[in-house]
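This report covers one protein chain, from its overall build to the setting of a single residue. The sequence and structure come next.

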Amino acid sequence: ALVEAKKCVQEGLLLHIGLCNATVSILERAKVTLGPDFAIGAVQNMWSLYDRDAEVALQPDAAKTSKKGVLAWCAKNNVPFVAYAPLGGLKARRGERTLPPALLGLAQTMGISPQAAALACLLARGQQLGARVLVLPGARTAEHAADSVGAAHVVLTDAQVDAVMPVQW
C-alpha cells in the first residue's frame, strides 16, 4: 500500500502520506519504503489519559504490535502525531471510565471543563516530549467543539501535567 501511495504522491494525486494505528516497526519500514525524498505527513494513533502506550518507551523485547514509543519516534522524525479518542472514546461516553481526581482539581482551579483540561494535558505532554501533537476529540455540539478548541490556549506547568499524567517511562 505504501508503494501505491508513493506513486500517488509522485503523480500529484496526494500531497502527503499518513499512517494510522502504526507501530514503530511499521513507521521504520514505511520510512525505508518511501525513501529519503518522501516524508510521512502524520501518524494517527490512540492516545488519552486512559491509553498512554504512545508515550511509553519502546523496549527491545516489545511485541511487534506494541504502539509504545510512537510519540518519541514522531518527535525524533519531526512527524505530527494526531491523537484520536483523546477523551477516552466510546468507553468514556458510556461511563466506563472515570476522570482522575487530579484532572478534576486542575479543571476546577483553572476554571475550565475537565475535557478541556484533559486535552490541554495531552498537548502539554506532547510539548514535553518534543512532539508536534494534535488532538482529535469528537464533538456532539458546537459548544463541545468550542470547548475543545479552547484547550489549545490553556497553559499548564510541567508540575500540573505530571500531577494528572504521571511520567511512565
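The sections below describe the fold, the overall dimensions, the surface and charges, and then one glycine.

## Fold

The model is predicted. Its secondary structure consists of eight helices and four strands. From one end of the sequence to the other, these elements run in the order α-β-α-β-α-β-α-α-α-β-α-α.

Of the contacts between residues at least 6 apart in sequence, 71% connect residues at least 24 apart.

## Dimensions

Along the principal axes, the C-alpha atoms occupy a box of roughly 50 × 40 × 30 Å. The radius of gyration is 17 Å; a compact globule of 169 residues would have one near 15 Å, so the protein agrees with that expectation.

## Burial, surface and charge

Buried residues account for 36% of the 169 in the protein.

The side chains include 16 positive and 13 negative ones. The centres of these two sets are 5 Å apart.

## The setting of G69

G69 sits in the loop between strand 2 (40-46) and helix 3 (70-77). Its relative accessibility is 7%, and G69 therefore counts as buried, the cut-off being under 20%.

Leaving aside residues up to four places away in sequence, G69 touches V24, D53, A54, V56 and L58. G18 lies 51 residues from G69 along the chain, and the C-alpha atoms of the two are separated by 17 Å.

How values were computed:
Residues numbered from 1 in each chain as written. Predicted model: local features only at pLDDT ≥ 70, side-chain atom pairs only at ≥ 80, totals over all residues. Heavy atoms only, no water. Helix = DSSP H or I, 4+ residues; strand = E, 2+ residues; numbered from the N terminus. Buried < 20%, exposed > 50% of the residue type's maximum accessible area, 1.4 Å probe, protein only. Contact = heavy atoms within 4.5 Å. Rg over C-alpha atoms; globule rule 2.2 N^0.38 Å. Lys, Arg positive; Asp, Glu negative; His and termini not counted. Charge placed at Lys NZ, Arg CZ, Asp CG, Glu CD.
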